[in-house]
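Please look at the model shown here and follow the questions below, which move from helix packing to domains and strands.

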Amino acid sequence: MSRINTTLRSKKILIDQFAHQGLKTLALLSASFIFLIGSVILVKGLTPFLTDNDGLGRVGLIPFITGNVWLIDPTFQSSLYSVGFLIITTLYIVFLSLLISFPVGVLTALFIAKIAPKKLAECFRSVVEILASIPSIIYGLFGAGFILKIVYQMSQLVGVQSKGGNSVLSTVIILALMTIPTITTVSEVAIRSVDQRLIEGSLALGASFTQTNFKVVLTAAKSGIFTAAILGVGRALGEATAVSLVAGGRRSGLSFDLLDTTATLTTTMLEGMKESQGLDYNIRFSVGMVLLVVILITNFLLNLIKRKVGKIHVK
Amino acid sequence: MSNKRKAQDFLLQFGTYFAAFFSFATLSLIIFFIFTNGVKLLNLDLITHDYQAKTHIAEPLAPNDTDYFEPEETLKAEVYYSPRWGLGLIDSIDLMGKTQVEIAYVHPSSPFQQLHDKGLSHELLSLKPDMMIIRIAYSDQPSSLARYGAEQMIDELALSNQIRELEFTIPGGGIRGSIITTFYLIVFSLLFALPIGIGAAIYLNEYAKNNRFTRLLRSFIELLTGVPSIIYGLMGLAFFVPFIINVSSATSGSILSGSMTMAVILLPVVIRTTEESLKVVPDEYRQGSLALGASKTQTTFRIVLPGAFPGVLSATLLAIGRIIGESAALVFAIGTAIKDDIRVTEQSTSLAVHIWAMMTDEPANIELSSTIAIIILLIVLLLNLLIKLLTRRFLRKVSAPR
């Protein structure tokens, strides 16, 4: 009897160990994917700079990140790729979209968290939730079918011939619409977690309700609101399909004109891939690599600013 | 309070009202746009039809002189019917506004039930309602064409004894293929993502000690959420696509490679949601089970995991929503060829990529895209609602006994 018990127990221990190791492997596997992504992008993305590219010649790293034309000469006959103007337009577009989405998003969050009556707040919260769950391709479709037409007609009023509305402005509007729900959701949490005593103190000192909301609540929630902005920028930088439907696929030349066609790093990656190997294939990984670097640097800088800004306490 | 103060307050207050209204207006506009453009194509045919229209040229058998087919059902008033051929036609208008002749009724013993394909394949075809007749060519009189309408076609058909050939179309514009692809994608992605994700979550929450190694694991998994989906697409293109080509008959991107890529995208969501629900399971359950002599494995899989089931379910629903909405990653990891015959080792498009493929095509098909968008939106809304209900019930259940 006792022997049966011992074998049973040792069997149990064996199973336990087996399960432990198995589950650990799954966790390790999940964690390893980030390295898989990193190494794949790095290996493929560096190939154009390190090899001869089947006789087309090596792509120069400096011309690649500073140049003003996506590709000089026809595809498959040249290695003169560059993304310099794309990096700058991408950042320019994301910055402009943040100019719209940040105030709107934060004020919406303030409205939902502090100003609206309970029922109305619940209703608007659902609206934001639905907006956040709409897939980006639907935003793109909305942009291509609705925003483009409006921008086109508007540009005709000012007397500018825009190419069917494909422009910086349309791209900025779509990106702003897509990032508003992200910013609203995150800032709302930050605003709601502001210490109630702080608010009561401000009201007791004779500040009006609105003054308190804007000067005390928003300042106290600053760090969380900044995180919201960082997340919004992250989403805008990585957005691809929606933007590709309204950008217009510019191939060369830096332009800050709001009504001119444009392109971002992501839309260029999506554009006409004809081969499954060779330079025109590998170069997309190089663009992806640049995109990742841009995202990392932007994130790092924004976090740096956040740390500085976050230190200022409520006056 | 001074008047200046009041005015300033009012302005700021107005700003928040305006911002909130802006979000509401955006949502209404998007829904309005999609419905006005897409609702006219929204019907059952859309879901059952192929995307590519197919045209056949075929030849029917000649009817006997004595044939007379009385229709077995009452036909609508607009249907023109030829009892000799057992064929009922109706006028309709295609999406471009052109007249076309649609088949409304075919008698079960009509000669049109058996047609010899004059094309490459020698299969037997038959006319069915919803198909469009383009032209009928006779041996003994000039052809009748669709553009003259159904009435004239039936009149000419009644006069003829011998049909030389018949050209007809099975209408396209359906999304059956993309629906099947989306379904396959959901099944396979979940098949990859759920076991790995749930397993990893169990390890992190139940087994792992709180040390540096575990924190490192967590932060690596957390890093995955920040990667844009187009980068996942590149990873799928460079890693999973060649992998599937090596182990199967696939020659390019396929549903399988797409599902694997999708699974990686889903992992952080599945892990986080599952872990959250594992955390809510009270520690007394674990202690009780262990005290009764159950092993750690038994406790985890028989007591803790079932307790966290609603969380796992909502992770699954979240994942399904993500799969249905994903486009950028799938453009790279599967491809953008819209197909009707779906195989898991071949290219095809999910509903979202179907929209992208049509919108980047010239000319862009906004109507059909909006119709697909309606379908996607309805599914996503339904999933959201389910998740909300689920979380609410789960929270109530867990907090009730305390």
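Q: At what angle do helix α8 (residues 209–220) of chain A and α1(B) pack?
A: This is a predicted model in which local features need pLDDT of at least 70 and side-chain atom pairs count only at pLDDT 80 or more, while totals for chains, interfaces and linings use all residues. Residues are numbered from 1 along each chain as its sequence is written, and chains are lettered from A and ligands numbered from 1 in the order in which they are written. Helices (H or I, at least four residues) and strands (E, at least two) are DSSP runs numbered from the N terminus, and axes are lines fitted to C-alpha atoms, for helices over the stretch in contact, with angles from 0 to 180 degrees between N-to-C directions. The axes of α8(A) and α1(B) are 9 Å apart, and the angle is about 60 degrees.

Q: Which residues of α1(B) make the contact with α8(A)?
A: Two residues are in contact if their C-beta atoms, placed from the backbone, lie within 7 Å. On the side of α8(A) the contact is made by A:T210, A:Q211 and A:F214, and on the side of α1(B) by B:D9, B:L12 and B:Q13.

Q: How many residues does helix α1 (residues 3–38) of chain B give to the side of chain B that touches chain A?
A: The contact between the chains takes 63 residues from chain A and 66 residues from chain B. Of the side of chain B that touches chain A, the largest share comes from α1(B), namely 17 residues.

Q: How far apart are the C-alpha centres of domain 1 of chain A and domain 2 of chain A?
A: Chain A is divided into domain 1 (2–50) and domain 2 (84–311), with bounds that come from an automatic or database domain assignment. The C-alpha centres of these two domains lie apart by 38 Å.

Q: Which residues of helix α4 (residues 118–133) of chain A meet α3(A)?
A: Helix α3 (residues 84–115) of chain A packs against α4(A) at an angle of about 145 degrees, with axes 8 Å apart. From α3(A) come A:T108, A:F111 and A:I112, which meet A:A121, A:F124, A:R125 and A:V128.

Q: Which residue in β9(B) is the bridge partner of B:A58?
A: Two strands pair if DSSP finds at least two bridges between them, and strand β1 (residues 54–60) of chain B pairs with strand β9 (residues 163–170) of chain B in the antiparallel sense over 5 bridges. β1(B) also pairs in the antiparallel sense with strand β5 (residues 115–117) of chain B, over 3 bridges. In β9(B), the partner of B:A58 is B:L166.
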